[in-house]
Amino acid sequence: MSTRARRSSFPKVVIERDTDTDESSDEEEEVENDVVESDDEEEEVEIEDQKVEDDVVEDKKGKTPITISLKKVCKVCKRTGHQAGFQGATYIDCPMKPCFLCKLPGHTTVNCPHRVAMEFGVIPASRKRTHNSLDYVFERQLRRGVPSIKPAFVIPDEVNCAVIRYHSRRVTCLEFHPTNNNVLLSGDKKGQLGVWDFGKVYEKTVYGNIHTCLLNNMKFGPANDGTVYTVSSDGTVNCTDLETGLSTSLMDLNPNGWQGRNSWRMLYGMEFNAEKGLVLVADSFGYLHMVDARANSKTGDSVLIHKKGTKVVGLHCNPLQPDLLLSCGNDHFARMWDIRHLEAESCLHALPHKRVVNSAYFSPSSGSKIVTTSIDNRIRVWDSIFGNLDTPSREIVHSHDFNRHLTPFRAEWDPKDPSESLVVIGRYISENYNGAALHPIDFIDISTGQLVAEVMDPNITTISPVNKLHTRDDVLATGSSRSLFIWRPKEKSEAVQEKDKSKIMVCNTKNSKKFGNESDNDDDDDSGDDFSSKKGKGLKKKKANIVITTSKSSKKKKP
DNA sequence: AATCGATGGACCC
DNA sequence: TGGGTCCCCTCGAT
């Protein structure tokens with residue numbers, strides 16, 4: 001049967017429109033012998049009437065017309081009467097779903113109490129009931145180190161320099177160089193490793209031959225700051241020389257290559273135990289592996305540290321007692337271990353969460369607190385000294401939902417904060433800032449649950465899930481999509497810029513029309529044009545050291 | 001400016 | 001325990 005013959009056996013199709021549609025109703029009310037596509041954006045067609053059977057050979061007039069409803073349908077719940085999505089730079093939630101921020105039903109993010117004050121409804125810190133003598137000693141030691149007046153937080157709130165579209169895929173992790181203050185390393189979804197000297201802005205390299213897919217984590221070894229250890233979803237642990245880009249493989253969990261997705265092992269969590277010279281790595285099946293950094297080989301047996309078959313995404317050693325290991329993963333737990341007595345089921349503490357745990361970190365100086373980020377949109381604080389590890393001492397509602405296309409969000413400590421209370425994390429949901437939908441980076445005081453600062457830049461329209469604070473300087477590094485940003489506190493930033501004005505560099509790319517050409521004319525202020533703001537326009541101009549690259553030109557492979 | 005696709009986890013049975 | 005299905009603020013390419 002030809003298409004034409006078949007079509008002619010179709011009954012009349014009636015289009016039923018929403019009342020608020022602008023179109024005059026008469027022109028499209030009835031359409032003969034054809035199914036009409038909706039020409040209105042965001043409309044979905046649903047056939048309301050009876051189904052049509054293909055093989056009915058029919059006489060022309062006897063059929064009831066098919067009614068196609070073009071009523072506007074919510075893209076979230078598929079019901080009519082409301083619509084979810086962006087209206088300009090403001091996102092309108094679907095009222096039928098639980099709040100996208102706190103996950104409770106009955107309201108949306110617009111009037112969620114946590115949107116206004118994040119500390120609303122946080123669980124107050126529970127006091128420890130049981131005390132042994134060791135606790136008192138530890139507490140006395142710690143109390144002395146805790147300053148009585150909390151120093152003011154210094155917030156790097158202004159973009160100082162950036163490399164736009166530096167990586168060819170989204171950024172997955174960041175690490176500052178341990179001794180060279182101005183060097184930032186970045187890993188991406190493709191497995192490439194970026195080395196960027198943001199002090200010189202244009203000094204950048206991307207090594208593309210280290211891993212074949214997601215570079216999930218990296219760490220510097222304490223012995224040599226010229227080499228970095230990386231783990232990847234390709235199942236290998238590599239050690240790379242930053243000067244040459246030459247890398248050696250320390251471990252390969254898939255020596256026989258691809259045998260199907262059920263057997264392919266991926267590496268996510270990694271940590272360096274300096275005392276023992278061990279690289280600790282964790283895979284996607286729940287196992288921990290150890291690599292001797294001196295012998296460059298695997299050591300000991302693999303230990304099941306999380307539910308079998310689930311990803312272990314994070315590992316962290318206690319800063320004061322490096323034998324104390326913290327792990328977290330997809331089995332909804334963060335777990336504490338003593339690596340001297342490591343075997344399955346030997347976990348010292350299991351910290352329960354409602355959903356997957358993206359990260360778990362000991363506090364940077366005393367190691368007595370733990371901050372975890374879980375995809376139930378809560379940051380949890382656990383206190384091993386002043387509270388129990390059975391329940392979190394605080395839960396902070398914060399938007400950092402899971403999205404398969406985003407690198408998982410992780411709350412990261414400020415290593416310079418002596419009070420161990422400042423944490424940085426990117427925000428998923430956007431706010432309408434002067435007509436632009438921006439996703440800020442939040443600084444949270446975990447001792448109060450309060451939002452200390454939200455930093456954003458009209459040029460960064462993408463979500464910034466990867467953030468790292470510098471160990472010595474007041475510098476924040478952000479990985480947002482494929483770009484990197486360096487933030488400094490406002491005053492400082494200006495001073496640096498005056499000095500470094502000549503270092504502003506804009507490369508010619510497909511987008512070059514937007515940026516103009518490179519100019520060494522000082523008063524030609526082309527340095528801060530917006531890059532590609534989709535949801536925002538009319539933004540104020542800013543000054544920054546910015547390098548625009550394309551993915552092709554950024555690849556610099558060395559054998 | 002619309003559309004597409006890559007692709008992780010939850011939840012269902 | 002495993003396969004199928006669904007999915008809410010992505011992002012960049014066409």
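User: At 52% relative accessibility, does R340 count as buried or exposed?

Analyst: Buried means under 20% relative accessible area, exposed over 50%, and partly exposed in between (1.4 Å probe, protein chains only). At 52%, R340 therefore counts as exposed. This is a predicted model, in which local features need pLDDT of at least 70 and side-chain atom pairs pLDDT 80 or more, while totals for chains, interfaces and linings use all residues. Residues are numbered from 1 along each chain as written, chains are lettered from A and ligands numbered from 1 in written order, and side-chain values use heavy atoms, without hydrogens and water.

User: Which residue forms a salt bridge with R340?

Analyst: Side chains of opposite charge can pair when their charged atoms come close. A salt bridge is a side-chain nitrogen of Lys or Arg within 4 Å of a carboxyl oxygen of Asp or Glu. Here the partner of R340 is D323, with the closest N and O atoms 3.4 Å apart. At 10% relative accessibility, D323 counts as buried.

User: How many salt bridges does a search of the whole structure find?

Analyst: The search finds 17. Among them, E271 pairs with K219, the closest N and O atoms being 3.5 Å apart. Both E271 and K219 are buried. A network of salt bridges links R115, R427, E431, D442 and E454.

User: Which residues are around DNA strand B?

Analyst: A residue is near a strand if one of its heavy atoms lies within 4 Å of it. Around DNA strand B, the residues include K189, K311, N330, R355 and H405. Sugar and phosphate make up 48% of the atoms of DNA strand B that come within 4 Å of the protein.
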